[in-house]
Amino acid sequence: LMLNKKTRRAGTAMSIGLAIAFIIVNLFLKVVIARPRPYVDQSSVFYQFWTLVGQHTESDKSFPSGHTNAAFATMIPLFLLGNKRWSWLALVFAFLMGISRIYLCVHFPSDVLGGALTGTFGGLLGVLIALKLPDKWYAWGFGQKKGRHEDVRLR
């Protein structure tokens with residue numbers, strides 16, 4: 001999205017939002033809270049299901065959901081800055097990502113809610129920063145008109 005001039009602002013906001021959300025969740029909250037995943041307790045139905053389907057256990061922590069965090073951090077800017085006719089599908093995708101994490105027994109519902117909140121926060125910050133960037137940030141591109149910039153061609 002950052003390569004196309006029409007979608008460059010949304011792509012920039014998505015990238016910034018994703019970076020902010022990643023830092024908040026993966027480098028801070030997961031380390032501080034250190035909540036184990038649902039299938040870690042060997043007496044739970046989650047553990048029995050997890051071993052029945054032959055899956056290996058994850059080594060990282062559960063709260064908040066990193067996948068849901070990333071989905072909301074990228075889809076909120078796309079919803080706010082993208083084509084209004086289709087951007088609502090971005091939110092549907094983000095919600096389905098959260099539901100899938102619960103369905104696959106790798107997160108508790110509160111983990112997904114935490115991921116949605118932190119991702120939304122990161123996405124909103126990404127939008128605010130992207131809107132504050134000067135217009136010349138979004139003006140670069142391929143195939144510039146002659147006279148404005150030198151036309152460099154390979155010989």
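Residues are numbered from 1 along each chain as its sequence is written. Local features need pLDDT of at least 70, side-chain atom pairs count only at pLDDT 80 or more, totals for chains, interfaces and linings use all residues, and side-chain values use heavy atoms, with hydrogens and water left out.

The pLDDT score is the predictor's confidence in each residue, from 0 to 100. Its mean over the protein is 81, and 77% of the residues reach 70 or more. Over residues 146-155, pLDDT stays under 50. Where pLDDT is low, the predicted coordinates should not be read in detail.

The protein has five helices and zero strands; helices (H or I, at least four residues) and strands (E, at least two) are DSSP runs, numbered from the N terminus. Among the elements, helix α5 (residues 109-132) has the highest mean pLDDT, 94, while helix α2 (residues 45-52) has the lowest, 60.

Of the 155 residues, 35% are buried, meaning under 20% relative accessible area with a 1.4 Å probe, counting protein chains only. The largest nonpolar core has ten residues, among them Met 14, Phe 72, Leu 91 and Ala 116. Helices α3 (66-81) and α4 (88-103) each supply at least two residues of this core. A nonpolar core is a set of buried Ala, Val, Leu, Ile, Met, Phe, Trp, Tyr and Cys residues joined through side-chain atoms within 4.5 Å.

Leaving aside residues up to four places away in sequence, Met 14 touches Leu 1, Ala 73, Thr 74, Met 75, Pro 77 and Leu 78; contact means heavy atoms within 4.5 Å.

Terms used
Buried means under 20% relative accessible area, exposed over 50%, partly exposed in between (1.4 Å probe, protein chains only).
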